Amino acid sequence: GPLWVVEYHAGGLAIVDRERRSLKAWFDPATLLHSVSSYEEFMHPLLELFRQLRLYPIHGAAVVKDGSGLLLLGASGRGKSTLAAHLVDAGYRFLADDRCFLRETVDGAFEAFAFYEPFKLYASNVSHIGAFRAAPELAGSHDQKRSIDIRRLYPERAEISARIRGVLFPDWSPGVPSALEPVASGKALLELLPQTMMICFDKKTSGEQFSFLGRLVKELPVMRLALGSDRRQWHTLTDEFLAKAGTH
């Protein structure tokens with residue numbers, strides 16, 4: 001019927017009532033939330049309820065300039081967080097570094113909602129930025145990601161939601177000049193799907209999310225941004241893309 005009973009590998013139980021759109025859970029936080037994988041496992045039933053409301057989670061960063069939102073998507077290690085940090089330092093506002101929620105509005109636009117988590121950054125990638133250089137969270141080893149509350153560094157640049165005007169796939173490419181190139185909608189969808197956390201309990205819900213993602217990459221401008229060693233070009237190219245996307 002309308003109830004799902006979810007038993008977690010790490011121990012604990014959740015009961016999801018799809019008709020009432022409610023979730024009750026019993027668990028030991030120390031056991032269940034001790035790792036990223038167990039935390040993600042715990043979140044899946046809740047995310048499924050969001051999907052029923054056509055509010056779709058996505059693994060990606062989101063930034064805003066002059067009211068226009070931009071999704072930064074792609075696999076881990078491609079430079080999403082590094083680019084987001086550079087853009088925020090250059091004056092952009094931020095919604096998310098690692099996860100946000102997307103929905104389609106009644107007029108057919110796409111909107112992103114913040115889901116705030118600390119930025120996860122390699123110190124070596126942002127240590128030349130003044131606000132990050134002095135951050136104690138990034139002190140020490142440069143070869144592993146560190147978590148930093150970017151709201152402390154830029155307290156006036158947090159956003160709750162924004163209308164999305166375009167999609168960028170950052171691509172860490174230090175050996176080549178920074179450049180933009182278009183991405184076909186089919187290829188964009190293939191790259192996007194692994195970032196959607198689409199572990200769904202219901203075929204109807206997953207089908208609706210798949211259709212939503214198809215419309216997203218078909219109707220919005222999508223580009224790949226090669227992140228070369230000329231870091232000053234990153235926000236210049238992003239500005240150019242967002243300016244064109246805003247007229248789309």
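Which residues are buried in α3? In this predicted model, they are K80, S81, T82, L83, A84, A85, H86, L87 and V88.

## Helix α3

Helix α3 spans residues 80–89. It is mostly covered, with nine of its 10 residues buried. The helix is followed by G91. The phi of G91 is positive, near 120 degrees.

## Where α3 meets α9

Helix α3 packs against helix α9, which covers residues 232–245. Their axes are 10 Å apart. The packing angle is about 80 degrees. Angles from 65 to 115 degrees count as roughly perpendicular, so α3 and α9 are roughly perpendicular to each other.

Which residues make this contact? On the α3 side they are T82, L83, H86 and L87. On the α9 side they are W234, H235 and T238. By type, the contact residues of α3 and α9 divide into three nonpolar, four polar and no charged.

## H128 and its partners

The side chain of H128 makes a polar contact with the side chain of H86, at 2.9 Å. H128 lies in the loop between α4 (123–126) and α5 (130–133). Leaving aside neighbours within four places in sequence, H128 is in contact with H86, R133 and R231.

Is H128 buried, exposed or partly exposed? Its relative accessible area is 37%.

Now look along the chain. H128 and V6 are 122 residues apart in sequence. Their C-alpha atoms are separated by 46 Å.

## Where α7 meets α8

Helix α7 runs over residues 185–192. Helix α8 runs over residues 203–219. The axes of α7 and α8 come within 9 Å. They cross at roughly 130 degrees. The crossing is right-handed.

From α7, the contact uses S185, A188, L189 and L192. From α8, it uses F210, L213, G214, L216, V217 and K218. The residues of this contact divide into seven nonpolar, two polar and one charged.

## Q209 inside α8

Helix α8 also holds Q209. Is Q209 buried or exposed? Its relative accessible area is 0%. Buried means under 20%, so Q209 is buried.

What does the side chain of Q209 touch in a polar contact? The partner is the side chain of R51, at 2.7 Å.

## Two loop residues with positive phi

Most residues other than glycine have a negative phi. Two loop residues deserve a look here. R21 is a residue other than glycine, and its phi is positive, near 55 degrees. R21 sits in the loop between β2 (13–17) and β3 (22–26).

D66 is not a glycine either, but it has a positive phi of about 50 degrees. Where does D66 lie? It is in the loop between β4 (56–65) and β5 (68–73). The relative accessibility of D66 is 74%. Exposed means over 50%, so D66 counts as exposed.

Technical notes
Residues are numbered from 1 along each chain as its sequence is written. This is a predicted model: local features need pLDDT of at least 70, side-chain atom pairs count only at pLDDT 80 or more; totals for chains, interfaces and linings use all residues. Side-chain values use heavy atoms; hydrogens and water are left out. Helices (H or I, at least four residues) and strands (E, at least two) are DSSP runs, numbered from the N terminus. Buried means under 20% relative accessible area, exposed over 50%, partly exposed in between (1.4 Å probe, protein chains only). A polar contact is a pair of N or O atoms within 3.5 Å; within protein, one must be able to donate a hydrogen and the other to accept it, and residues adjacent in sequence count only if both atoms are side-chain atoms. Axes are lines fitted to C-alpha atoms, for helices over the stretch in contact, and angles run from 0 to 180 degrees between N-to-C directions. A crossing is left-handed if the near helix is turned anticlockwise from the far one by less than a right angle, and right-handed if clockwise. Contact means heavy atoms within 4.5 Å. Ala, Val, Leu, Ile, Met, Phe, Trp, Tyr, Cys and Pro count as nonpolar, Asp, Glu, Lys and Arg as charged, and the others, Gly among them, as polar. Angles under 35 degrees count as roughly parallel, over 145 as roughly antiparallel, 65 to 115 as roughly perpendicular and the rest as oblique.
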